Amino acid sequence: MKKYFLFNLSAGMEYRTSFLIQVFGMVLNNCAFIIFWKMLFDRVGGDINGYGFREVMFLWALATFGFSISEILMGNARQLSSIIYKGELDVYLLQPRAVLPNLVCSRMNISGWGDLIYGVALFVITQPLTPVRIVLFLLFALMMALVFVSVRVFYHSLTFFLGNAEQFAATISELVIMFTIYPGSIFSGPSTWILHTIIPAALVAWIPAQLFASFDPLKFLMLLAADGVIVLLSLFMFREGLKRYSSGNRMGTRL
Amino acid sequence: MIHWRKYFKIFSCTVRDQFAYIPAYLIGNIFLVVVLFVFFSLWSVIYSGKALIAGLSMTQTLWYLSFAETIELSKARVYNQIQEEVKEGSIAYALGRPYSYNGFKVARSLGESLVKAIPILILGFIVCSLFTGILPGYFRAIPFGLVLITGGIILNLMWGIIIGLLAFWTEEVTPFYWILQKLIFIAGGMFLPIDFFPQWLQGTAKVLPFAYSAYWPAITIVNFSMENFMTALTGQVFYITVLGLVAYGIFRTALKKIHVQGG
């Protein structure tokens, strides 16, 4: 992963102006949402089902920072369907490395750096800073990145079974991100089950936000276990899918 | 003299092309249903115990957001196409053809966007009706609303062409698109009707071009009056003309940067 990180970073920095435009474009892009929430809370007055401006900003900081880690370190996960249906997986299968880590880590999405800067800055500006809270934030961001990549791997692996599942997987991934940046308490009824399982926004953001406000060791262990289940399910899905993969006749090399 | 028939032909060919992709496109519209569900959940909490906020009811606010989303989600990614053509150099082939490059892009992308907009409007109608009931005055306002939604789409196309042509100067134009998109989301009132803004900001936001991409078409449908319609239409025509001229100017300047080698 370290080698991929350094290689991908140097490749991104090759076009320095483009790199900087993408990074700062993403920071500005995200800043727009602070304005939206500030105006909304000013108009509403008070909180929205227990979430104030600061709590929503925590969701934003966590979502963007966690997402940035997945985009920077494991940015190829979003290409998985395309790689499978084009028969490009052969290239990874032939290399003397574990297939899935090799595959997901082999690309860095440069705009992820903008999300990283934004997420960290937003956390520092809007949240009370104590060593424990900083550690929790970093830990939750790592857990979010891992679960988010697992969700992508799980849904993109459907391509092994159903043909091209690219659009479906991309939609689910977008929905995970979209739900994480809204207060979890606005949803009720059957939708909350979906948001704890099929689209696990609760696991990546809302429960960490509760733990950040008031840490509960038992709840934290339950969260770890639930995240572990998602990671294992995605590994299982990919492994089973790989058994059904039939090679393409496309020639390719990775240097 | 502008030969409108050839641009209409490009438009109608794209409309036919796009109908071939309707089934795949409908699956993509799951996103709209979820967006409306999120907005409905959020605004239900905000409106609990209140009939009106900023002069709008819960029903009007949700329908407003569905119309604003229609314009956003039906957008053709014209900036992306132009960026790729500039990067690959294939724009050189388009220059020899008997049409205006910008005119071709408008005709083609408008055809694509209008075909996308129809299912979104139908889906938005069904979902919003289920959540809040039918918008009062919907059937009277919608014919005028369709004109303004088309105007909003054309305005976005003009921005898309301008941003795409910037690829002549910068390799990557996507971040410019993000920034424009967020200006329309926030200053244009796509996420939050401008009536919810602080009083001091409302006047300025309502005259900016971004408002004519989202706010004016959506608010005119949910709060219909001929006065609102004329304000919205006049603003759209004005800004489409201005941005069209800017796009033309940028294209003429960019042409000087093209060097064609070989054949």
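Visitor: Does Lys116(B) count as buried, partly exposed or exposed, and at what relative accessibility?

Guide: This is a predicted model, in which local features need pLDDT of at least 70 and side-chain atom pairs count only at pLDDT 80 or more, while totals for chains, interfaces and linings use all residues. Residues are numbered from 1 along each chain as its sequence is written, chains are lettered from A and ligands numbered from 1 in the order in which they are written, and side-chain values use heavy atoms, with hydrogens and water left out. Buried means under 20% relative accessible area, exposed over 50%, and partly exposed in between, with a 1.4 Å probe and protein chains only. Lys116(B) therefore counts as buried, at 15% relative accessibility.

Visitor: With which residue does the side chain of Lys116(B) meet in a salt bridge?

Guide: Side chains of opposite charge can pair when their charged atoms come close. A salt bridge is a side-chain nitrogen of Lys or Arg within 4 Å of a carboxyl oxygen of Asp or Glu. The partner of Lys116(B) is Glu112(B), at 3.4 Å from N to O. Glu112(B) is likewise buried, because its relative accessibility is 14%. Because they are four residues apart in helix H7 (residues 101–132) of chain B, Glu112(B) and Lys116(B) are separated by about one helical turn. Elsewhere, Glu71(A), Arg78(A) and Arg152(A) are joined into one network by salt bridges that share partners.

Visitor: How is a helix assigned, and where do Asp42(A) and Lys38(A) lie?

Guide: Helices (H or I, at least four residues) and strands (E, at least two) are DSSP runs, numbered from the N terminus. Asp42(A) and Lys38(A) both belong to helix H2 (residues 16–44) of chain A, where four residues, about one turn, separate them. Their side chains form a salt bridge of 3.1 Å, N to O. Asp42(A) is exposed because its relative accessible area is 53%, whereas Lys38(A) is partly exposed at 40%.

Visitor: Which residue forms a salt bridge with Glu240(A)?

Guide: The partner is Arg239(A), the closest N and O atoms being 3.9 Å apart. Glu240(A) is partly exposed at 23% relative accessibility, and Arg239(A) is exposed at 52%. Over all chains the count comes to ten salt bridges.

Visitor: How far from Asp227(A) is the nearest side chain of opposite charge?

Guide: Asp227(A) is buried yet has no salt bridge, and the nearest side chain of opposite charge, Lys219(A), is 13 Å away. Asp227(A) lies in helix H13 (residues 217–244) of chain A. Contact means heavy atoms within 4.5 Å. Not counting residues up to four places away in sequence, Asp227(A) touches Met143(A), Val147(A) and Leu203(A).

Visitor: In which helix is Asn228(B) found, and what are its contacts?

Guide: Asn228(B) is in helix H13 (residues 226–255) of chain B. Asn228(B) counts as buried because its relative accessibility is 18%. Leaving aside neighbours within four places in sequence, Asn228(B) is in contact with Trp216(B), Thr220(B) and Asn223(B).

Visitor: How many residues of chain A are in contact with chain B, and what area is buried between them?

Guide: Buried area is the accessible area (1.4 Å probe) that two parts lose on being put together, summed over both. In this model, 28 residues of chain A are in contact with 32 residues of chain B. The area buried between the two chains is about 2900 Å², of which carbon and sulfur atoms give 83%. In chain A, Phe36(A), Met39(A) and Arg43(A) lose the most area to chain B, together 21% of what that side buries. Between chain A and chain B the count is zero salt bridges.

Methods. Lys and Arg count as positive and Asp and Glu as negative; His and the chain ends are not counted.
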